[in-house]
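The chain and its coordinates are shown first.

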Amino acid sequence: MQVTEIYRSLQGESSYAGLPCVFVRLTGCNLRCTWCDSEYTFTGGRKMSLEEVEAEVRRLATSGLVEITGGEPLLQEREAVPFMERLLALGYTVLLETSGERPLGNVPAQVIKIVDVKCPHSGEFGTFRDDNLDALSARDEVKFVLADREDYEFARDSTRRHDLSSRVRSVIFSPAFRKDAAGARDTSHCLLDPQQLAEWTRSDGLNVRLAL
Ligand code: SF4
């Protein structure tokens with residue numbers, strides 16, 4: 001696999017947020033989201049064998065949680081799928097962060113897919129493949145990163161139309177952060193005020209998780 005970095009931190013963008021996790025960040029992405037905070041993954045990285053990546057995960061792991069992320073990790077599906085199977089066989093809980101632009105059908109069923117559906121102001125609207133809905137299960141999560149009311153209405157309507165709250169473990173609505181926000185960040189760096197977002201989800205009666 002072409003790997004940008006492997007490191008241990010706290011999971012931050014799902015219902016597993018706050019738990020210790022080893023991140024395997026693969027190189028390359030076929031999208032260019034306007035608020036992307038991972039542009040350093042677009043090029044470079046180093047080629048590593050599955051054995052080398054596994055050894056690094058074992059060295060860093062203090063819990064059973066591993067996330068495969070990117071970039072878009074499914075651009076390396078041929079290697080990433082066997083690697084996920086390997087981690088599952090070793091007893092790890094495996095999270096996969098993906099945009100849903102690549103087919104999800106070959107991802108092992110035990111892997112928890114966190115699918116970041118791109119909204120109108122992401123710059124990559126319409127890239128989620130609707131047939132991927134069939135690959136989602138009650139262990140998976142769908143995330144919408146929101147910059148404004150139009151993004152919110154798209155996320156709200158998608159959640160209702162596809163009955164996402166019943167279909168997956170967690171539907172997550174998150175305000176997008178300003179791209180120039182660096183260092184210590186607070187809610188003033190959000191493109192959409194979290195309090196406003198909370199009021200919208202409450203008044204619309206949505207069963208979704210607000211996450212920062
Ligand atoms: S899919 Fe993720 S890594 Fe790729 S451009 Fe969008 S935010 Fe960045």
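1. Basis. This is a predicted model, in which local features need pLDDT of at least 70 and side-chain atom pairs count only at pLDDT 80 or more, while totals for chains, interfaces and linings use all residues. Residues are numbered from 1 along each chain as its sequence is written, and side-chain values use heavy atoms, with hydrogens and water left out.

2. Strand β4. Helices (H or I, at least four residues) and strands (E, at least two) are DSSP runs, numbered from the N terminus. Five of the five residues of β4 are buried, so this strand is largely enclosed by the rest of the structure. Here buried means under 20% relative accessible area, exposed over 50%, and partly exposed in between (1.4 Å probe, protein chains only). Both faces of β4 are covered: Leu 65, Glu 67 and Thr 69 lie on one side, Val 66 and Ile 68 on the other, and all are buried.

3. Strand pairing. Two strands pair if DSSP finds at least two bridges between them. β2 (residues 20–26) runs parallel to β4 and is joined to it by four bridges; Arg 25 has Thr 69 of β4 as its bridge partner. Four bridges also join β4 to β5 (residues 93–98), again in parallel, and Ile 68 is partnered there by Leu 96. From β4 the chain crosses through α2 to β5 in a right-handed β-α-β crossover; with the strands pointing away from the viewer, the path from the first strand over the helix to the second runs clockwise.

4. Nonpolar cores. A nonpolar core is a set of buried Ala, Val, Leu, Ile, Met, Phe, Trp, Tyr and Cys residues joined through side-chain atoms within 4.5 Å. The largest has 47 residues, and those with the most contacts inside it are Ile 68, Met 84, Phe 144 and Phe 173. α2 gives the most to this core, with six residues. Apart from it lies another core of seven residues, including Cys 21 and Phe 23.

5. Met 84. Leaving aside residues up to four places away in sequence, Met 84 touches Ile 68, Leu 74, Val 94, Leu 96, Val 107, Pro 108 and Val 111. Contact means heavy atoms within 4.5 Å.

6. Backbone features. Most residues other than glycine have a negative phi, and most peptide bonds are trans. A cis peptide bond joins Gly 70 and Gly 71, with omega about 15°; Gly 71 is in the loop between β4 (65–69) and α2 (77–89). Asp 163, not a glycine, has a positive phi of about 50°. Asp 163 is in the loop between α3 (149–161) and α4 (164–167) and, at 45% relative accessibility, counts as partly exposed.
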